[in-house]
Amino acid sequence: MEVNRLLLMDSSPLGRDGDSTKKIMYTVILTLLPALTVSVWMFGWNAVRVLALTSIFTVAVEALIARFVSYRIDFMDGSALLTGILLAMNVPANAPWWMLLVGALVAVVIGKQVFGGLGQNMFNPALVARVFLLISFPVEMTSWPLPGAVDGTTGATPLGLLKTEGLGALAGTHLTDLALGQVGGSLGEVSALALLLGALVLFYKKYITWEIPVTFIGTVFVIAAVFNGINPQTYAGPLFHIFTGGVFLGALYMATDMVTSPLTFKGKLLFGFGCGFFTMLIRLFGSFPEGVSFAILLMNAVVPLLDKYFPDKRFGMVKNG
Amino acid sequence: MAEMALLIVGAIFVNNVVFTKFLGICPYMGVSKKLDTAAGMSMAVAFVLTLAGAITYIVQHYVLVPVHIEYMQTIVFILVIASLVQLVEIVMKKTAPALYKALGIYLPLITTNCAILGIAILSVQNDFDFLQTVVFSFASALGFGLALVLFAGIREALDLRQVPKAFAGAPIAMIIAGILAMAFMGFAGMVK
């Protein structure tokens, strides 16, 4: 019986399209181009440097592992490159090279290959690396270069300011700046709209579905609106919360990772809700200004339980059958 | 009331027994292969931990302190906890034989679960009153249960993945525990 349960699949008709893993990976990378363009435009050559280094490091680490294992690893299948790019989007543009190397090692080795490589990991590799870097090198990970500023000028992110200085410090920040990306932050935190633009292609290709991003961003919006409604002097508004930090990057590109998100409809709704809930819990009450990466990692851990206890109703399925 | 809520949230998430205090690691590794045994173990620990919290409070404040033998705390607490576990074992054998069988060796092992002794000693160190001690003990047990059930779910899913031979079993379990501990650091600072 045990084996039977393990091999359970959907019933026919089973459609098959021509998209290979490789094609999906490179498509996702292409859809990140608008956001990457904004990052490079904001942070200049530093952004290019970080992007190039993390991409080279992750692919190189994977290629190195491929040399030493008995099974086959296709290190050019785009998954390592995608991890590298997502990692670049999760660090500040002035991150030193050794930090990026450590990040690439953690992402590829601890995040992915020890689980058996592509499709076997339980946690999003780029986020494992980001959280690892954030708690190991908190100073380097939170001194953000300001977009368009003179070389070497750093400042806090809007969320960081909100945590340390209170809402008053944000008086000069406009919502359009936040949406377009005119704020300090890691490469991928800057422009919510550019990320959404790229993600539209993913929705069209059905690589990602609406459940997780909508519930994730929706939950952040609702919780922020409630607190803002109760006390507008202390708590920032809902639009501020969804456009700052990594909410869009997390909701569209990290939480929707095919391998580490739930398979079922109810599971996805709960997953998105959990991500939004923990994000806001950490933002409002924690000591870290930003909670997206922690929230998604935490929810990655719940995925097996969600898949197990919230199955889709199959055609003809009887309760307790 | 708000103070109690903070105490509960703190014990479950912020200062999770397993992920931030690193107490009770052996049942965490040992009983997390299957979800039902993990759930059973969590309940057994919740029961024992809450009772142990209450009884060690009474022992501390009405026996150890009045006769000035606080230095006997560790030994006395271990004795109290060990006899308590024996009691739970006898009751469980009669009332829930299936659970008793499923827990097997791990039920007597609660005796040596450092989480229980640890929480009892922490309650004394933090100068909790009786109600706080009981609530803190129970919430800590919930945190332990949360960690154990989460981990058991992951390990069950792990059976379907092709983990390399060198990492299969305990090594990958350790790595996952590490990643979970990192994720739980996100709760840092929520409770002072």
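**Notes on a two-chain predicted model**

1. Let's start with one span of chain B: residues 6-26 are 52% helix and 0% strand, and their end C-alpha atoms lie 28 Å apart. Helices here are DSSP runs of H or I with at least four residues, strands are runs of E with at least two, and both are numbered from the N terminus. For residues 130-154 of chain B, the chain is 100% helix and 0% strand, with 36 Å between the end C-alpha atoms.

2. A word on the ground rules. This is a predicted model, where local features need pLDDT of at least 70 and side-chain atom pairs count only at pLDDT 80 or more, while totals for chains, interfaces and linings use all residues. Residues are numbered from 1 along each chain as its sequence is written, chains are lettered from A and ligands numbered from 1 in the order in which they are written, and side-chain values use heavy atoms, leaving out hydrogens and water.

3. Both spans in point 1 come from the UniProt record. Its unreviewed entry gives "transmembrane region" for residues 6-26, 38-59, 71-91, 103-124, 130-154 and 166-191 of chain B. UniProt positions are in the numbering used here, feature names are shortened, and annotations may be inferred rather than shown by experiment.

4. Overall, chain B has nine helices and zero strands. The C-alpha trace of chain B spans about 60 × 45 × 30 Å along its principal axes.

5. How much of chain B is buried? Of its 192 residues, 51% are; buried means under 20% relative accessible area, exposed over 50%, and partly exposed in between (1.4 Å probe, protein chains only). Chain B exposes about 9000 Å², with carbon and sulfur atoms supplying 73% of that. Areas come from the Shrake-Rupley method with a 1.4 Å probe, and for residues only the protein chains shown count as cover.

6. Contacts (heavy atoms within 4.5 Å) are worth a look too. In chain B, among those between residues at least 6 apart in sequence, 76% join residues at least 24 apart.

7. Leaving aside residues up to four places away in sequence, Gln73(B) touches Gln60(B), Leu64(B), Ile121(B) and Val124(B). Ile75(B) also has its place in helix α4, residues 73-95, but is exposed, with a relative accessible area of 53%. From Ile75(B) to Asp127(B) is 52 residues in sequence and 20 Å in space, C-alpha to C-alpha.

8. Now for chain A, which has 16 helices and two strands. Of its 321 residues, 53% count as buried. The accessible surface of chain A comes to about 14800 Å², and 68% of that belongs to carbon and sulfur atoms. Among contacts in chain A with a separation of 6 or more, 75% come from residues 24 or more positions apart.

9. Which residue of chain A does UniProt list for "modified residue: FMN phosphoryl threonine"? The unreviewed entry names Thr157(A). Thr157(A) sits in the loop between β2 (154-155) and α9 (158-165) of chain A. Buried or exposed? Thr157(A) is buried, with a relative accessible area of 9%.
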